[in-house]
Amino acid sequence: MKFLSKKIQVRYAETDKMGIVHHSNYLLYFEQARIELLDYLDTPYIEMENNGVISPVVEVSLKYHNPLSFGDTYQIEIQTVKNPRASLELTYRVKNQNEKLVCTGYTKLAFMSAETKKIIRVPGNLVSKIQSER
């Protein structure tokens with residue numbers, strides 16, 4: 001499934017001395033887009049945590065293509081890699097206001113019991129919602 005985040009404007013505090021978005025901020029951008037995706041799928045992350053499920057990032061990769069600067073806007077396209085089981089794999093494409101590719105990335109999230117910290121299956125309602133969007 002594909003999901004497009006809302007448009008966001010780069011804040012001054014996210015830039016470095018060179019005037020471009022610091023590389024570490026892209027992981028925060030990915031996280032915000034994941035939260036929006038879960039909200040869109042009517043499975044808010046806070047609700048999962050309240051039900052004893054956590055989903056730490058266990059793998060991440062990023063590739064930078066073009067910089068973002070203060071005042072630019074960007075949007076993130078998220079795509080599921082495959083049907084989730086005990087993990088959720090996502091790819092990301094960040095584009096600026098001119099549709100220019102800024103960054104691509106990948107994350108893999110595990111699903112765990114908050115209490116035992118043992119790996120569990122992705123919650124069934126999330127799996128079925130992702131499958132219905134494909």
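**Close-up views of a predicted protein chain**

**View 1. Surface and interior of the chain.** The protein chain exposes about 7,800 Å², and carbon and sulfur atoms supply 51% of that area. This is a predicted model. Of its 134 residues, 40% count as buried.

**View 2. Overall fold and dimensions.** Three helices and eight strands make up the elements of the protein chain. Reading from the N terminus, their order is β-β-α-α-β-β-β-β-β-β-α. The C-alpha atoms fill a box of roughly 45 × 30 × 20 Å along the principal axes. A compact globule of 134 residues would have a radius of gyration near 14 Å, and the 16 Å of the protein chain agrees with this. Look, too, at the contacts between residues at least 6 apart in sequence: 65% of them join residues at least 24 apart.

**View 3. Asp 42 in the loop between two helices.** Here we zoom in on the loop between helix H1 (25–40) and helix H2 (45–50), where Asp 42 is found. Its phi is near 55°, a positive value in a residue other than glycine. Asp 42 has a relative accessible area of 54%, over the 50% cut-off, so the residue counts as exposed.

**View 4. Glu 99 in the loop between two strands.** Glu 99 is found in the loop that runs between strand E6 (87–96) and strand E7 (101–110). Phi of Glu 99 is near 65°, again positive in a residue that is not glycine. With a relative accessible area of 54%, Glu 99 is exposed.

Definitions and conventions:
Residues are numbered from 1 along each chain as its sequence is written. This is a predicted model: local features need pLDDT of at least 70, side-chain atom pairs count only at pLDDT 80 or more; totals for chains, interfaces and linings use all residues. Side-chain values use heavy atoms; hydrogens and water are left out. Helices (H or I, at least four residues) and strands (E, at least two) are DSSP runs, numbered from the N terminus. The radius of gyration is taken over C-alpha atoms; the globule rule is 2.2 Å times the number of residues to the power 0.38. Buried means under 20% relative accessible area, exposed over 50%, partly exposed in between (1.4 Å probe, protein chains only). Contact means heavy atoms within 4.5 Å. Accessible areas come from the Shrake-Rupley method with a 1.4 Å probe; for residues, only the protein chains shown count as cover.
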